[in-house]
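Please look over the sequence and the structure shown here.

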Amino acid sequence: MTKQGVIKDINGPIVTIILPGVANGEQVRIGELGLYGEVISLQGSEALVQIYESTEMVRPGEPVEGLSHPLSVELGPGLMGGIFDGVQRPLEKMFLQAGDQIPRGVSPDALDRESQWTFTPTESLEPNTQVSGGIQLGSVQETESVLHRILVPPDVSGELIEIAPEGDYSLDQTIARVKTADGEIRRLKLFHRWPVRQPRPYLHRDHSSEPLITGQRILDTFFPLMKGGKGAVPGPFGAGKTMVQHQVARWSNADIVIYVGCGERGNELVDVLDSFPKLKDPYTGRSLMERTLLVANTSNMPVVAREASIYVGITIAEYYRDQGHDVVMLADSTSRWAEALREVSGRLGQMPVEEGYPAYLASRLSAFYERAGRVETYDCGRGSVSLIGAVSPPGGDFSEPVTSHTKEIIQTFWALSKELADARHYPAIDWVDSFSEDVSTAAIWWHEQVDRNWEKRRGQALSMLARDAELSRIVNLVGPEALSSAQRWILEGAALIKEGVLQQSALDPVDTFSSPEKQFLLLDTILAIYDQGADLIELGVPVQELSDLPILAKLRRCKEVYDSDQLDQLREFREQAIKSFESIRSEYAQRGELTS
Amino acid sequence: MSAKEYRTVSSARGGLLTVSQVPGIAFGDRVEIRDSQGRKRNGQVIRSSNIEVLIQVFEGTDHLDLENTWVRFLDTPLEISLSPEILGRVFNGLGEPKDGRPPVVSRLHRSINANAFNPAARTYPKEFIQTGISTIDGLNSLVRGQKLPIFSASGLPHNRLAAQIVRQAKLPDEESHFSIVFAAMGVSYSDARFFQEEFASSGVLGNVVMFINLADEPPVERLTLPRMALTAAEYLAFDLDRHVLVVMTDMTHYAEALREVATAKGDVPARKGYPGYLYSDLAEIYERSGRIKDRHGSITLVPVLSMPSDDITHPIPDLTGYITEGQIVLSRELHNQGVYPPVHISPSLSRLMKDGIGKDFTREDHPHVSNQLYALYARALETRNLASIIGADELSARDQRYLEFADAFEKRFVAQGEDEDRSIVETLNLAWELLSLLPPTALTRVTETEMAKYHHHAGNELRQPVQKEPLA
Ligand SMILES: Nc1ncnc2c1ncn2[C@@H]1O[C@H](COP(=O)(O)OP(=O)(O)OP(=O)(O)O)[C@@H](O)[C@H]1O
Ligand SMILES: [Mg+2]
């Protein structure tokens, strides 16, 4: 029995309805078109509803129907490779059925009911045993690279009466029956629904011990994010937030990537849809699209669905985490989500506190980021959700509410700078404003896996960059003549680090991804050459002589010349470079020009 | 259509009219209002309940007398009539003829508030448009289906630049096939006149649809005008398979009109009094550009806006930059030095350039050359800054070259004639002439192969200190 009511008042996306018995958070359909919406407050038999679609030409008096469940997503095989809107409507299917524009009031099933999946039950699982939420019933190979574990839904527990044998099943078929404590028989399928605003449960939280490797040098080497960590990418328009997120989506060593385009451009999602199927995951060699899912609420779509979109994304991320996967969720941009929140609160006449935002902005933000983390799952070992949100501060001003609240919550902050972007220093991540709270944890991994000198070299590079900033200030006041040779060599060394390590073109086929070994080797090579040069300068070699060495120009280009699997050649180059410095030393020694 | 007229107006204030006891009126419905003298005004329902309907009146609510105001609900959203006849015509923000000719008669009407394009229906814009302007083609290339605004300010030649783009834009080696939709909001009579004469003198009038709202015409019409224009553009592009270039000016007047209306409605302001939904509202407009799968046509959008007090962080340019696929920024400093077009390179950007240039589209060295020019110019500006502090004579010989590069870049690459239509190859060759002012070791963004092919002094790598090299 569905609840029936009528529309009372339409104020843009906020509609007042009269629907006795409706619950807060309940999904409703309104009007002749059956537009979808969600109850956000109740007063007697009246309810305020936020509508996910345009309410143009909807009238008071039209019918309303309550659907008796909160906004939920379908979780099961068939998610990977898909693109869904902010309330999980399948966009590819809608395009085929309805054409270029998104029609109102239609909602095809998110997951395809026709497809057959080969289900393999868990061997050790016998009928008549007790099962509960999160227990693995079996698995389905969802794509070549993703093993999809079929779990008992979190809200089901009881005695397993029957489990289906290995075979092909569609999503609507029953694959297990469970008798609950009060005697009810629950038929489990390959998929289940879960309300998006409710975090999925897990056994307990675990600490993160491994960095997420993104193949981006400034991220991995300088400001690492742990698997299960929370990160933010703030920056003014055009500074490269989306690029950073796309790069992480492409090259990170995660099992699953959930990309939420929240109030951003349609073409950026098309870019992912076009390029990902052709790109290969450097770890599995499979097409990237096999492990990627897109949620798209573009900037021109109704704002209320934008508010929902990040919850849809994070719920799907948690679902794969519960299967023991390492998931990365990218949200571009959380500012647009906050603005959707602001718009709804404004329409409700709530008291704004800062720049029009409601008082609950900070708590909503932190509750959202809190859904990231590494956990011990009930039955699938450890899983993690790493969460990276882009932030788009008005005027690029980081003191505004969304950026400043976010900064308090996250552990890794990749601050983009307009100055660097204007000079085409990409990624335009500012090494002064950025931070990672997990450098020492990441160091353990780097020291074991890559090189014992990682933390030391990282520190040297950062202090050289800091010296560079100081010295440049002096140059700008009194000119370069004021600097000693050693100081000028520091400027040169810093330039080498900036160009040879920090700058990394996402568009260069070789440079776009850098393995941890390559990252370290590049940095180590540059610092080694810097050290050599510093020695020579101390011995009296003029700095100009060194700066003009063609080998330095080559050093700047190494990143694009040697692929991550050509490290032997890179090592050879390093030897050569060091040799050429040594030959200068002997040249000078022969000429007797050395002071020592 | 409901022919019934209501006389139950209960308040009229700030452009808003409240009508009582009219049940079942649709949200967004179009409204006709008659005043005591029988004069007609237009409106739209912006809130509706069975007790009260709130109407936004396009011509404002001044001099309305509540007793003698009649309201008729037309039971239709704001629509535009479409047929190939719209080409060559001039309309106002309501889609009514403004050229003294009869209305376009057609059975095809479309609501101007289209549903959003499904991202799965889009194709990625990739085809390079040659505008003949070096700063755009070489450094901030425009592609078919892109939205690329011009950020300008009062007194800068944005109109001339927009007109030059309209005149010269074409695919390389092709004649122009663009149909033009021109949308003017709150512009002066002389600016509107400038464009009309431009279109007439370049002989494209028959291929242009104009939507014009002048500075002294109702501001509320500025809100519907771009939507009218884009609905027309979509019709031309996706029904008639044309490539459409939409020029909109001035988006600042649009946003100001939005603020005016929002304030009257009592919406919560975000920054500088602009409503929080300015971003979404602008996005509804800008995101209507693009390419669609299996459709031949395209919509390329060049909005023009003036930055209040030359401030790029003002909400209007700021939010525009967050939505569009780059921006061309004009500089007062260059303009004052007599450089036309005064394109400020550093903050200008085209995000779709990366897929529309290079080997298969323009020339293989294009991506690196563009990058290199950017990096050098940024460095050269730092040097210029330094020179202004310590004096140019104090600079090292190497730094002197950067200064020389900056000057040559502005005078020869940025500056060009208003009728000068440079091919992309000419632009790239010119770029190499400038890059050759610097020794190969200073160029790390171009590859060694490209350097060997295009650098004027390739091969003689400098082992010697720069001082000993003759200046190029
Ligand atoms: N790592 C990179 N390599 C090469 N180009 C880059 C890189 N990062 C950014 N860019 C350039 O900067 C442009 C803008 O980047 P991006 O679209 O990511 O900015 P954004 O911060 O997301 O802007 P907005 O807030 O407007 O969405 C890109 O189109 C690209 O040209
Ligand atoms: Mg972006």
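## Where two chains share strands

Strand β1(A) and strand β5 (residues 40-49) of chain B pair in the antiparallel sense over two bridges; strands are DSSP runs of E with at least two residues, helices are runs of H or I with at least four residues, and both are numbered from the N terminus. Two strands pair if DSSP finds at least two bridges between them. This is a predicted model, in which local features need pLDDT of at least 70 and side-chain atom pairs count only at pLDDT 80 or more, while totals for chains, interfaces and linings use all residues. Residues are numbered from 1 along each chain as its sequence is written, and chains are lettered from A and ligands numbered from 1 in the order in which they are written.

**Contact between chains A and B**

- The contact takes 65 residues from chain A and 68 residues from chain B, where two residues are in contact if their C-beta atoms, placed from the backbone, lie within 7 Å.
- Elements that each supply at least two residues of the chain A side include β1 (3-11), α4 (266-275) and α11 (454-478) of chain A.
- The largest share of that side, six residues, comes from α4(A).
- The chain A side that touches chain B divides into 25 nonpolar, 19 polar and 21 charged residues.
- In this count Ala, Val, Leu, Ile, Met, Phe, Trp, Tyr, Cys and Pro are nonpolar, Asp, Glu, Lys and Arg are charged, and the others, Gly among them, are polar.

**The site of ligand 1**

- Ligand 1 is surrounded by 20 residues, and the closest are Gly240(A), Lys241(A), Thr242(A), Tyr426(A) and Arg351(B); a residue is near a molecule if its C-beta atom, placed from the backbone, lies within 6 Å of it.
- Residues from chains A and B surround ligand 1, so the site is shared between chains.
- Both α3 (241-251) of chain A and α7 (315-323) of chain B supply at least two residues of the shell.
- The largest share of the shell around ligand 1, three residues, comes from α3(A).
- The shell around ligand 1 has eight nonpolar, eight polar and four charged residues.

**Hairpins in chain A**

- Strand β3 (residues 26-30) and strand β4 (residues 35-43) of chain A pair in the antiparallel sense over four bridges, and Val28(A) stands opposite Gly37(A) in β4(A).
- β3(A) and β4(A) form a hairpin with four residues between them, and Gly31(A) in the turn has a positive phi of about 75 degrees.
- β4(A) also pairs with strand β5 (residues 46-51) of chain A, in the antiparallel sense over six bridges; Glu38(A) has Gln50(A) as its bridge partner in β5(A).
- The hairpin of β4(A) and β5(A) has two residues between the strands, and Gly44(A) takes a positive phi near 60 degrees there.

**Open sheets in chain A**

- Four strands form an open sheet in the order β12-β11-β9-β14 (chain A), with antiparallel pairing.
- β12 (146-151) and β14 (167-170) of chain A are the edge strands of this sheet, each pairing on one side only.
- Strand β9 (residues 116-121) of chain A is joined to β14(A) by four bridges, and Trp117(A) has Tyr169(A) in β14(A) as its bridge partner.
- Another open sheet of four strands has the order β10-β13-β15-β16 (chain A), and its pairing is antiparallel.
- At its edges stand β10 (130-131) and β16 (185-188) of chain A, each with a single partner strand, so one side of each is left without a neighbour in the sheet.
- Strand β13 (residues 158-163) and strand β15 (residues 176-179) of chain A pair over four bridges, with Lys179(A) in β15(A) as the bridge partner of Glu159(A).

**Domains**

- Chain A is divided into domain 1 (3-70), domain 2 (112-190), domain 3 (204-436) and domain 4 (454-590); domain bounds come from an automatic or database domain assignment.
- The C-alpha centres of domain 1 of chain A and domain 3 of chain A lie 31 Å apart.
- Contact between these two takes ten residues from domain 1 of chain A and eight residues from domain 3 of chain A.
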